[in-house]
Amino acid sequence: MTGQVTEQALRGAGVAVLIPCYNEALTIGKVVDDFRAALPEADIYVYDNNSTDDTAAIAAEHGALVRFEPRQGKGYVVRQMFREIEADYYVMVDGDDTYPADAAPALIAPLVYGRADMTVGDRLSNGSYGEENDRAFHGFGNDLVRWLIKVIYGYSFDDVMTGYRAFNRVFVKTMPVVSEGFQIETELSIHAVDKRWRITDVPIDYRDRPEGSYSKLSTFGDGAKVLAAIASLFKDYKPMAFFGWLAALFFILGLIAGIPVIAEFTMTHLVERFPTAILAMGLVTLGALSFTAGLILDTVAKNNRKQWELTVYEVYDQQR
């Protein structure tokens with residue numbers, strides 16, 4: 001029913017399906033055909049990211065609009081997609097045939113009816129990801145990132161690392177993509193939460209890659225990059241909290257080092273542990289500097305947020 005309602009509401013609206021690809025010759029033809037069937041009026045874009053197989057040729061044969069991004073990394077591809085493609089609604093999906101195309105109308109519906117600015121294809125709630133995916137550390141990494149975002153930003157995603165999402169035009173055209181690789185999903189999620197966009201999780205059925213297809217995601221290498229991205233975005237978006245926690249840590253360490261020195265001085269009126277006293281002073285000084293940096297950068301972040309809000313207004317005005 002949701003799909004039927006969405007088809008009626010989408011008449012006259014432009015929908016773009018964005019498919020970043022790297023060596024997906026085995027599956028890309030089926031993915032393009034499935035999304036053509038699910039969204040007959042949509043423009044389907046396949047961005048080839050230096051594939052060494054026939055991904056681009058197969059996508060073109062199946063009617064996709066093929067473009068190329070020479071900078072290696074999914075983040076680069078998404079940045080270029082968001083810059084170049086003009087549409088009212090965007091569906092982003094991987095080219096590995098792990099996400100069902102028939103769920104696309106359900107992802108778009110909350111955008112059309114003004115209930116969301118970004119929808120997230122949730123693989124976890126119905127258990128399909130756990131049943132299909134046998135890479136244990138992938139599930140652990142997803143849970144860890146979800147927990148960190150909940151602790152830092154207070155928002156609990158059902159699935160934060162999914163590659164199946166939909167966006168409205170204002171979200172896409174005001175999204176400053178800075179990631180290079182697979183950190184892009186984390187960046188999209190944190191940006192949406194930090195900027196208070198409306199987010200809706202849409203449960204989907206996940207299926208594992210077909211035999212012969214392989215994941216380009218490095219569990220530990222890309223996992224470390226995702227954690228680094230979370231820390232970097234935390235610093236950029238919430239500098240007072242980031243540097244405040246850092247300042248508190250330095251102050252606590254300074255007290256741990258300095259209290260014995262102060263206690264000794266009150267009893268003997270002598271400071272015999274000069275290295276410890278110097279260490280304590282240094283740690284407290286670092287704490288003060290971190291707190292000051294947090295105050296200054298918090299002002300900068302608030303001004304950037306105000307400027308971003310004005311940019312959002314401009315994009316809304318362009319749509320009228």
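**Labels and their cut-offs**

Mentor: Helix 12 gives the largest share of the lining of the second largest pocket, six residues, where helices are DSSP runs of H or I with at least four residues and strands are runs of E with at least two, numbered from the N terminus. This is a predicted model, in which local features need pLDDT of at least 70 and side-chain atom pairs count only at pLDDT 80 or more, whereas totals for chains, interfaces and linings use all residues. Residues are numbered from 1 along each chain as its sequence is written, and side-chain values use heavy atoms, with hydrogens and water left out.

Trainee: Why does Asp97 count as buried?
Mentor: Asp97 has a relative accessibility of 10%, and buried means under 20% relative accessible area, exposed over 50% and partly exposed in between, with a 1.4 Å probe and protein chains only, so Asp97 counts as buried. Asp97 sits in the loop between strand 4 and helix 5.

Trainee: What makes Arg196 exposed?
Mentor: Its relative accessible area is 66%, so Arg196 is exposed; Arg196 lies in the loop between helix 9 and strand 7, and its phi is near 60°, a positive value in a residue other than glycine.

Trainee: How do you know that Asp122 has no salt bridge?
Mentor: A salt bridge is a side-chain nitrogen of Lys or Arg within 4 Å of a carboxyl oxygen of Asp or Glu, and the nearest side chain of opposite charge to the buried Asp122, that of Arg123, is 6.7 Å away.

Technical notes: Lys, Arg positive; Asp, Glu negative; His and termini not counted.
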